[in-house]
Amino acid sequence: MKRFIEPNELARDSRFIRQDNAMATVLASMPDDVDAIVAAFEQFSPMIEESVRGTAAQELFEAYGPAFTLVVLNEPLDPDSAAATMRLILRMHGIFVGELQALEGAARSLWDFPDAPWEFKMNMARQCWDEGRHVQIFEKLLEHLGGHVGMFPESTFLFEAACSDDPAMRVAGVNRGLEGLACDVFRDMIRYAEKTGDEVMQQAVDYVLADEITHVRFGSEWVKEFTKGDPEHLQKTQDFRREVDKQFSFGGSRSDREDAAIPIAWEDRKEAGFSEEELQDLASVSAEGPSKETLTQAAQILRERFHAKRNGEGARS
Amino acid sequence: MSERMYPGMSPDERTTFSPYSAFDIPADLRQLHGRYDVASVARRVRNFRYAEEWMMMIMGGWVATIPEVPVKTGLGKVIWEGAQAADEFGKRLPELRCGRKAVEASEASNEGFAGFVQAVAGPETPDLTIEKLVGVFDVLKPHLVEIYETTMRETDQISDAPTIEILETAVRKTRRHIAWGQEVLDRLCDTEALRERRRARADELSEQLSASGGVTGTLASDRGQLN
């Protein structure tokens, strides 16, 4: 069995389809410019349409056009907002595949780094069990909300962004970047569940959040250990984590800004071993994206153009 | 009360508590002298640790390349329990005069067994879930249960009780892993052709395992002892 695999080698059953990761890269690098965002989404529109065809996301595409991801990512989850349940299920599905990739990332760390210290292997093995349970939990929660596995395309963006072939970078990407994002998302999900009185979701996600804090802590400790006495390596690792954090901020949707859809879970992250300085850095990196106003305007233009085009095609036929 | 609570210096200053041997309450039929001395048990424990460590690393490699979601999630727990077993074996080694640094010592019994482990790790692509699982759940884990139980029976029951404790836990969990893995395989092998694939893979690996002498390299004598 070879060491290191490509994201497209992640094995899936027939329920899954893939989404092109290029879209995630676009989201991560959007400027604060309405015209540039509109142009990028129009360029990717055929690809986005193709990737959602036959999935539950087709409904969102038909409603919002190619910028439906902007709406989904940029607007905070609110039980009273339009299509709230579908958006919640979309997020839940994203978490489910994220957990799947986190399981695969932790498990591959056991095989990819055979000479790593034993305690590292123990931590990764424990994480395999935890992530396996998380996959089970989120499959149950998907069903609890009326969704099912495979109803949306899967992006392997998380695995691709986080799975470096350097163990220090791998734990920085998976355990601090990806799992750190999970802390932010899960804290937001718990708030949502409390608002809707969904005790099943609230309790399950709270347990998962506790596990994630442990996993981030593994990352915090192993980055230190793997880079001990090598400041250059430590710097590279920090740069890599910043890059992953920027990509995982989806143009400011996850950030410390007041208008963020997913706020940074400051307290949870501190408990997990992030320093105040690192959190300030994360807040700064994640806030670099376009403003909410820019995204809202771009989404509105894209939606109008999409419907105008659809209506024109309808009239011609 | 004139009864003595503690013995004095002269023969008539004994306590009045009734005498029992170390084995009387409850009755203990264990006897001293097992088949393995300290060095042999240490070697076996290093061999067991090698098998458990490699098995969990191999399964870790497979999680991403197995398409069946319940197999991915189920392996997560098996990996963790395998790591715990390897960890317990490692912690036993310094107690067997292997030095404090021995907690991470794994050792294949011979090149044949190391080659067998690499053969178990061989299947890679997503269409080979059956071949992957057969190596671990039809061949290697049942073999480990057999050898762990042999060791538990044959080692000194009193002097080497700490090893027995570790093996008891490992056997209990490994039996559960085998039951899970074989149920998955039964489900996956739902045609005669697939069942044949399972048998062929198991036969091929079992032959290689036997030729290597198994996890301790002493399979023939272990079995001979039992017979």
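Q: Which residues of helix H12 (residues 276-286) of chain A are buried?

A: Happy to show you. A residue counts as buried if 20 or more other C-beta atoms, placed from the backbone, lie within 10 Å of its own, as exposed if 12 or fewer do, and as partly exposed in between. In this predicted model, local features need pLDDT of at least 70, side-chain atom pairs count only at pLDDT 80 or more, and totals for chains, interfaces and linings use all residues. Residues are numbered from 1 along each chain as its sequence is written, with chains lettered from A and ligands numbered from 1 in the order in which they are written. Helices (H or I, at least four residues) and strands (E, at least two) are DSSP runs, numbered from the N terminus. In H12(A), the buried residues are A:Leu282, A:Val285 and A:Ser286.

Q: Why are they on the same side of H12(A)?

A: Look at the arc, taken from the directions from the helix axis to the C-beta atoms. They cover only 85 degrees around the axis, which puts them on the same side. The face turned away from the buried side carries the exposed A:Glu276, A:Glu277 and A:Gln280.

Q: What does B:Val63 touch, leaving aside its neighbours within four places in sequence?

A: Contact means C-beta atoms, placed from the backbone, within 7 Å. By that test B:Val63 meets A:Leu103, A:Glu104, A:Ala107, A:Cys128, B:Lys72 and B:Leu75.

Q: How many residues does each chain give to the contact?

A: Chain B gives 25 residues and chain A gives 26. On the chain B side, H2(B) brings the largest share, ten residues.

Conventions:
Two residues are in contact if their C-beta atoms, placed from the backbone, lie within 7 Å.
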